[in-house]
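This report covers selected salt bridges, a strand pairing and a helix. Please view the structure below alongside the text.

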Amino acid sequence: MKGDASDNRLGSYLRARRELVTPEQAGLPPGGNRRVPGLRREEVALLAGISPDYYLRLERGRDKNPSPQVLMSLARVLQLDEVERTYLLGLAAARPRAPRRKRPEHVPARAHQLLAHLQIPAFVEGRAFDVLASNPMAVALSPRLRPGRNRLRDLLLDPEERAFHQDWPQATAGIVAALRTTIGDDTDNPRFVELVGELALTSERFRALWARHDVRTLDGGTATVHHPVVGDLRLHRDKLPLDDVILVVYYPDKDSDSDEKLQLLASFADTGSADTAQGGREDARQP
């Protein structure tokens, strides 16, 4: 996979994570003349209670079978959280396998029925954040939630999507980390290879985030987005698994200001005027 040493994923992850831990965070004096960001290899080895030579072999892919005890020691030194520790253990447990045939992602019929009945923005996404199906409320919230769009690509490359998210840096960091978690050991999946390769070439932000090797789950949360017609909306997000795909729903607090604005968007969705309203606002900004 472009941007990754796919044959030495464990070593790449260890190297990326140690570069993010400062000596001060590890309880070491900062010292001078440090040629690398973060911790040196020998410092990680010392703090983890293993030999520098053994740690060097791990980073260079010469030893791919460390014990769980060694990995947990490294996780402690690198200050990994639960999701990151699980990811690290999975890297060591991964074994070579035959390439898997690409299987099209399928939206269950009941998901289409559910989308039609929901009166809040809802859509179905695949593992690579492709929008596979959506309801009119989702499109009223953002035209980029139409089927065929990719949420990660839009977030990184579309200026309107960047303006839509109040905290764009946090949103991009979260979704890129979630992509790495989702990929796991499925590094030969053609869709993942295509998407990572495209973004590695076109997005400086993606390259910087991908090099960090962050991993994170992106199950739910609350975000404030800026709609070009109704203004700021504070929405909760939940993700619900449906077979091999995910149903994503956005909803406000009951009787809140955002609830009233979402009801206004619902009127746009009912009349099919949401895109027209946004387009009119954009046209008004043109010289």
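Asp257 forms a salt bridge with Lys261, the closest N and O atoms being 3.2 Å apart. A salt bridge here is a side-chain nitrogen of Lys or Arg within 4 Å of a carboxyl oxygen of Asp or Glu. The two residues are 4 apart in helix α13 (residues 257-271), so about one helical turn separates them. Helices (H or I, at least four residues) and strands (E, at least two) are DSSP runs, numbered from the N terminus.

The model is predicted: local features need pLDDT of at least 70 and side-chain atom pairs pLDDT 80 or more, while totals for chains, interfaces and linings use all residues. Residues are numbered from 1 along each chain as its sequence is written, and side-chain values use heavy atoms, leaving out hydrogens and water.

The structure holds 20 salt bridges. In one of them, Arg41 and Glu59 meet at 2.9 Å, N to O. Arg41 belongs to helix α2 and Glu59 to helix α3, so the pair ties together parts 18 residues apart in sequence. Arg41 is partly exposed at 29% relative accessibility, whereas Glu59 is buried at 1%.

Arg153 and Glu198 also form a salt bridge, with closest N and O atoms 2.9 Å apart. This pair links helix α8 (residues 151-157) to helix α11 (residues 190-202), across 45 residues. Arg153 is partly exposed at 22%, and Glu198 is partly exposed at 26%. A network of salt bridges links Arg17, Glu84, Arg212 and Asp214.

Helix α2 (residues 41-48) has Glu43, Val44, Ala45 and Ala48 as its buried residues. Their cover includes α1, α3 (52-59) and α4 (68-77), contact meaning heavy atoms within 4.5 Å. Just after α2, Gly49 takes a positive phi of about 75 degrees.

Asn8, in the segment before α1 (9-18), is buried at 12% relative accessibility. Beyond its neighbours within four places in sequence, Asn8 is in contact with Leu58, Glu59, Arg60 and Gly61.

## Strand β1

Strand β1 (residues 122-125) joins strand β5 (residues 245-251) through 4 bridges, running antiparallel. Strands pair if DSSP finds at least two bridges between them. Ala122 stands opposite Val249 in β5, and the bridge partner of Phe123 in β2 is Ser134.

Technical notes: Buried < 20%, exposed > 50% of the residue type's maximum accessible area, 1.4 Å probe, protein only.
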